[in-house]
Amino acid sequence: MNTTAHEYRTGWKRALIETRISLTSPGDLMGFILPTGIAVVVLLFMQNADFEGAPVSLGSMNMPSLIGMNIVFGGITGMVGILAMDRTNGTLLRAKSMPGGMTGYLVGHLVSTAMFIAVTVIVLLAVGLPLFDGLEFGTPDRWLMFLAVLAMGIVAALPMGAVLGALLDNPRNMGLVIFPIMGLIAVSGIFYPITALPTWLQWIGQAFPMYWMGLGMRHALLPDAMAAVEIGGEWRTLTMFAVLALWAVVSMALAPRLLRRMSRRESGSAVAARRADMQRDW
Amino acid sequence: MGHPPGGPAIAVSDLRMRYGDKDVLKGLDLEIEAGGVTALLGPNGAGKTTTIEILEGFRGRSGGEVSVLGTDPAHGKEAWRARLGVVLQEWRDNGKWKVRDIVTHFAEYYRPYAEPYGPDELLELVGLAEQSGQRVRTLSGGQRRRLDVALGIIGKPELLFLDEPTTGFDPHARREFHELIHRLTDLDGTTILLTTHDLDEAEKLAERILILAGGRIIADGSPDQLARAASTTAEVKWIQDGALQVHATDDATDFVRKLLATDDGAVSDLEVHRASLEDAYLGLVARFESGDAETAVDTFKEATR
């Protein structure tokens, strides 16, 4: 039996179980439904507002951005949260104690996080299309662009999350990841066009995948005339894919090394120490 | 698979571990043959967990030779890992999984290397058949630990590590757990190495006890050997003329022989108590901790020979 192929197959099976658990756990679901629901309601109110005479309301304009944001945010925080929690409760150490367990564990969580994101994105799309006027999703070229951006976003966000999760060894420090991402949302043109920001903030926004995912999703879902609102007055499709690909490649190069280091350091006493540390604080 | 048939399951010589400038293990030597239950007994902080984590391949070492199933744990590959079972002190992993899902799925990992337990057979063995549809986090402490054992033996390992398996158990859960371990040893000659700071547990479960203190193995023998070596005095009790008589002696056999030879049948309810191993163990640990290492080791020399 080819053991490597077997490890990946086991990881795939694990992903199916984890996804089923996520989709049936109230906690996991509320983590998505609550913030996303609030955001959608806010966008509904923004439907009465326009941006500099654009043909589509601000609400409809931001709906695709919200989808893009959700992929990056969900991908990164999902992986970071899982890795941090699983180091505290021993799930990671359990994986280490089984033959091929670490590969199975990582494949399982990468795939199940991707599946969870895909499901949430489809839900958002299903809710957004009927609620927001001016979204265009009727032709195969738009489906293709949507899927390509979704795939690219997942491929970039998950390894980024794995890198950050490997570096962060205590769930207590989740804020170190969450707050900077919140800050990034503010400068990535998600809830208001980035062109309204000072140029130096625009550059910061454009250095990270969040902005490009919003842009890509707007490209996929908004009328072509809406490109006029973007930086340079165009969708910058190639640049978008290139920046996302760059983030994906860099993270993928770093992730295995950092995950191996994380795994190597894992032991029963390390888990116990982490748990004692948390109990002291809470 | 790299394990010479008939070779020891675990062979350790001059194992050293140093954290910063603190020596936790100072030249530990031990050899454990395949089969049977061995307890690594010692006070908290003696280095038991460090030792077992080195053997499990979870932790590097500062020096010395270690061979587990014929392989150095620092370089153990997946095929080697498949032959081990590991049960840690406290595990709260995969709490959202259902019991049956977890044993079914985790068996998959071992399939390239061995024929793992089927879920029903395994849950039956550890007494969790009724909980198979429950989520793992809803199990009681004792049930959870039995699940940990199930996951430890799922790949039918040649060697099973149990680190402080009953810490925090109530007496009932403890007894159930001990029964489970007895069942495992009857099963198929799995070698079990367990750590405990509880002498009573070591006596109940193990055929051989290694006492770890001060970074070394300071005593090694069967519970009986250790007890005999440890207890030089015995207490003899009997009823004579309706009154309870008690006498402490270094040679109980000789004392009883003389007593019965001269009593004209008046002695009844004769009992001989050796000082328990517990007294000896606590004394030993106390002596060791007060820095009197040589005396402590001498006490047990007979037992180790």
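## A guided tour of chains A and B

Select chain A and follow its sequence from one end to the other: the pattern is α-α-α-α-α-α-α-α-α-α-α. This is a predicted model, in which local features need pLDDT of at least 70 and side-chain atom pairs count only at pLDDT 80 or more, while totals for chains, interfaces and linings use all residues. Residues are numbered from 1 along each chain as its sequence is written, and chains are lettered from A and ligands numbered from 1 in the order in which they are written.

**Stop 1: chain A as a whole**

Chain A has 11 helices and zero strands. Helices here are DSSP runs of H or I with at least four residues, strands are runs of E with at least two, and both are numbered from the N terminus. Along its principal axes, the C-alpha trace of chain A spans about 60 × 45 × 35 Å.

If you colour chain A by burial, 46% of its 282 residues count as buried. The cut-offs: buried means 20 or more other C-beta atoms within 10 Å of the residue's own, exposed means 12 or fewer, and partly exposed lies in between, with C-beta atoms placed from the backbone. Of the contacts in chain A with a separation of 6 or more, 80% come from residues 24 or more positions apart. A contact means that two C-beta atoms, placed from the backbone, lie within 7 Å.

**Stop 2: two helices inside chain A**

Now select α3 (58–88) and α6 of chain A. Their axes come within 7 Å and cross at roughly 30°. Axes are lines fitted to C-alpha atoms, for helices over the stretch in contact, and angles run from 0 to 180 degrees between N-to-C directions. α3(A) and α6(A) are therefore roughly parallel to each other; angles under 35 degrees count as roughly parallel, over 145 as roughly antiparallel, 65 to 115 as roughly perpendicular and the rest as oblique. Their crossing is right-handed. For handedness, the near helix is turned from the far one anticlockwise by less than a right angle in a left-handed crossing, and clockwise in a right-handed one.

Show side chains at the contact: α3(A) contributes residues including A:G68, A:G75 and A:G78, and α6(A) contributes residues including A:G153, A:G161 and A:G165.

**Stop 3: a loop residue**

Move on to A:R172, in the loop between α6 (140–167) and α7 (175–186) of chain A.

**Stop 4: where the chains meet**

Show both chains. 25 residues of chain A are in contact with 29 residues of chain B. On the chain A side, the elements giving two or more residues are α1, α4 (91–96), α5 (101–131) and α11 (268–281). α1(A) gives the most, with seven residues.

Zoom in on α1 (3–24) of chain A and α3 (99–108) of chain B, whose axes come within 9 Å and cross at roughly 165°. That makes α1(A) roughly antiparallel to α3(B). The crossing is left-handed. Here A:T10, A:K13, A:R14 and A:I17 meet B:D101, B:H105 and B:E108.

**Stop 5: chain B and its strands**

Chain B has 12 helices and 12 strands, and its C-alpha trace spans about 70 × 50 × 35 Å along the principal axes. Of its 305 residues, 44% count as buried.

Select β8 (208–213) and β9 (216–221) of chain B, which pair in the antiparallel sense over five bridges. Pairing requires that DSSP finds at least two bridges between the strands. B:L210 has B:D220 in β9(B) as its bridge partner. The two strands form a hairpin with two residues between them, and B:G214 in the turn has a positive phi of about 60°.

Finish at the open sheet of three strands in chain B, ordered β11-β10-β12 with antiparallel pairing. Its edge strands, each pairing on one side only, are β11 (243–249) and β12 (267–274). Neighbouring strands are turned by 15° against each other on average, direction ignored. Six bridges join β10 (234–240) to β12(B), and B:A234 stands opposite B:R274.
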